[in-house]
Amino acid sequence: MREYKLVFTGPMGVGKTTAIAAISERAPISTDVANADTLVVKATTTVGLDFGELTLDNGDRLRLYGTPGQSRFDFMWKILIRDALGLAILLDNSRPAPLEDLDTYLDGFAGALQDMPCALGISRSESHPSPSLDDYARALHARGLVLPVLAVDLRKGSDVIFLIETLLMQIEVTDTGATL
């Protein structure tokens with residue numbers, strides 16, 4: 001049995017807490033408090049972390065951590081990414097500047113991304129088709145990164161599982177030294 005620590009990050013309100021709750025086998029641990037940020041219409045926000053667990057069919061266990069979305073809590077990003085095997089950056093295509101959000105998280109996790117598998121999950125792309133998944137791929141390419149970019153509905157466990165499976169495939173490739 002192997003254990004994987006995976007981290008979900010992304011802007012406030014993107015759905016990190018929802019994604020973990022959608023697949024966790026246990027009641028997720030959450031550090032949500034009343035939202036004082038008037039720029040985002042949301043009753044609560046994560047100020048520490050979210051945590052959930054999932055056992056895979058082969059017995060491997062996933063420990064899932066969600067970061068706070070607000071940059072002022074980026075010290076938690078550095079704590080939570082320690083010893084993680086993979087990172088999922090979640091972005092909301094309905095936000096005003098999702099490609100700028102991507103830059104925020106690529107910059108915030110730049111050190112980890114040098115050798116850590118990562119996947120992008122783009123939510124609300126059906127209702128907000130721009131930027132396209134290709135636009136995200138081009139933005140990544142401009143920074144010298146090639147990462148999987150998936151459209152996801154973070155309320156659906158099957159979409160979250162697919163994102164995690166994509167991330168786990170990257171981890172396995174990295175473990176074997178193979179290239180994609």
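This note goes through the fold, the surface and one residue of a predicted model.

1. The model is predicted, so that local features need pLDDT of at least 70 and side-chain atom pairs count only at pLDDT 80 or more, while totals for chains, interfaces and linings use all residues. Residues are numbered from 1 along each chain as its sequence is written, and side-chain values use heavy atoms, with hydrogens and water left out.

2. The protein chain has six helices and seven strands, these being DSSP runs (helices H or I, at least four residues; strands E, at least two) numbered from the N terminus. Their order along the sequence is β-α-β-β-β-α-β-α-α-β-α-β-α. The radius of gyration, taken over C-alpha atoms, is 15 Å, close to the 16 Å that the globule rule (2.2 Å times the number of residues to the power 0.38) gives for 180 residues, so the chain is as compact as a globular protein of that length.

3. Of the 180 residues, 47% count as buried, meaning under 20% relative accessible area with a 1.4 Å probe, protein chains only, where exposed is over 50% and partly exposed lies in between. Among contacts (heavy atoms within 4.5 Å) with a separation of 6 or more, 69% come from residues 24 or more positions apart.

4. Leu-49 lies in strand β3, which spans residues 44-55, and is partly exposed, at a relative accessible area of 22%. Neighbours within four places in sequence aside, Leu-49 is in contact with Ile-29, Ser-30, Thr-31, Gly-66, Met-76 and Leu-80. Ile-89 is 40 residues from Leu-49 in sequence, with 15 Å between their C-alpha atoms.
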